[in-house]
Amino acid sequence: MRRILFFSFALTLICVSKGVSATYHCHSCSGCSSAISQAQGGDIVILENDISSESGSSCVDFGSRSDIVFDGGGFTISRGASGYNGIYFGSSANSGNTIK
């Protein structure tokens, strides 16, 4: 039993020290924006299908998040009406984001 506890503790320390990132999957504009808002630096958000912006808004909104990886998976992101964006970085505070 002590070996199991020691192993669990050691594994936890390794994961924390290596900065294990979380992966989120999204299927809609609002779902991707929500996943990005929950993500921490180094986390990955993966698009699972083509998406299109809801009327009168940008599709994927990064807000003020930084250091997030957004993997489009080869799918299409369509913007809504003229004047809106497919992917929107809403703040000059955004930095280090990666779009694949």
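Cysteine 29 and cysteine 59 form a disulfide in this predicted model, with their sulfur atoms 1.9 Å apart. The torsion about the S-S bond is -80°, and the link of cysteine 29 and cysteine 59 is accordingly classed as left-handed. Cysteine 29 belongs to helix 2 (residues 29–38), whereas cysteine 59 sits in the loop between strand 3 (51–52) and strand 4 (60–61), so the pair ties together parts that are 30 residues apart in sequence. Both cysteine 29 and cysteine 59 are buried.

A search of the whole structure gives two disulfides. In the other link, cysteine 26 is joined to cysteine 32, and the sulfur atoms are 2.0 Å apart. The angle about the S-S bond is 80° for cysteine 26 and cysteine 32, which corresponds to a right-handed link. Cysteine 26 counts as buried because its relative accessibility is 2%, under the 20% cut-off. Cysteine 32 is likewise buried, with a relative accessible area of 0%. When the bonded cysteines of the protein chain are numbered in sequence order, the pairing reads 1-3, 2-4.

The protein chain contains two helices and eight strands. Listed from the N terminus, the elements follow the order α-β-α-β-β-β-β-β-β-β. An open sheet is formed by four strands in the order 1-2-5-8, with parallel pairing. Strand 1 (23–26) and strand 8 (98–99) stand at the edges with a single partner strand each, so one side of each is left without a neighbour in the sheet. Strands of a sheet pair through backbone hydrogen bonds, either parallel or antiparallel.

Within this sheet, strand 1 pairs with strand 2 (residues 44–47) in the parallel sense, over four bridges. Tyrosine 24 stands opposite valine 45 of strand 2. Strand 1, helix 2 and strand 2 together make a β-α-β unit that is right-handed. Helix 2 of this unit is also the element that holds cysteine 29. At the other end of the strand order, strand 5 (residues 69–71) and strand 8 run parallel and are joined by two bridges. Valine 69 has threonine 98 of strand 8 as its bridge partner.

Aspartate 61 lies in strand 4 and counts as partly exposed at 33% relative accessibility. The C-alpha atoms of aspartate 61 and serine 33 are 5.1 Å apart in space, although the two residues are 28 residues apart in sequence. With residues up to four places away in sequence left out, aspartate 61 touches Ser33, Ile36, Tyr88 and Gly90. A polar atom of the aspartate 61 side chain lies 2.7 Å from the backbone nitrogen of glycine 63.

Aspartate 67 is located in the loop between strand 4 and strand 5. The phi of aspartate 67 is positive, at about 60°, although the residue is not a glycine. Most residues other than glycine have a negative phi. Aspartate 67 counts as partly exposed because its relative accessibility is 41%, a value between the 20% and 50% cut-offs. Glycine 83 is found in the loop between strand 6 (77–78) and strand 7 (87–88). With a relative accessible area of 67%, glycine 83 is exposed. Glycine 83 and serine 58 are 25 residues apart along the chain, and their C-alpha atoms are separated by 8.6 Å.

For the protein chain as a whole, buried residues account for 24% of the 100 residues; among them are cysteine 29 and cysteine 59. The accessible surface comes to about 6300 Å², and 55% of this surface belongs to carbon and sulfur atoms. Of the contacts between residues at least 6 apart in sequence, 64% join residues at least 24 apart.

Note on methods
Residues are numbered from 1 along each chain as its sequence is written. This is a predicted model: local features need pLDDT of at least 70, side-chain atom pairs count only at pLDDT 80 or more; totals for chains, interfaces and linings use all residues. Side-chain values use heavy atoms; hydrogens and water are left out. A disulfide is a pair of cysteine sulfur atoms within 2.5 Å. Buried means under 20% relative accessible area, exposed over 50%, partly exposed in between (1.4 Å probe, protein chains only). Contact means heavy atoms within 4.5 Å. A polar contact is a pair of N or O atoms within 3.5 Å; within protein, one must be able to donate a hydrogen and the other to accept it, and residues adjacent in sequence count only if both atoms are side-chain atoms. Two strands pair if DSSP finds at least two bridges between them. Accessible areas come from the Shrake-Rupley method with a 1.4 Å probe; for residues, only the protein chains shown count as cover. A crossover is right-handed if, with the strands pointing away from the viewer, the path from the first strand over the helix to the second runs clockwise.
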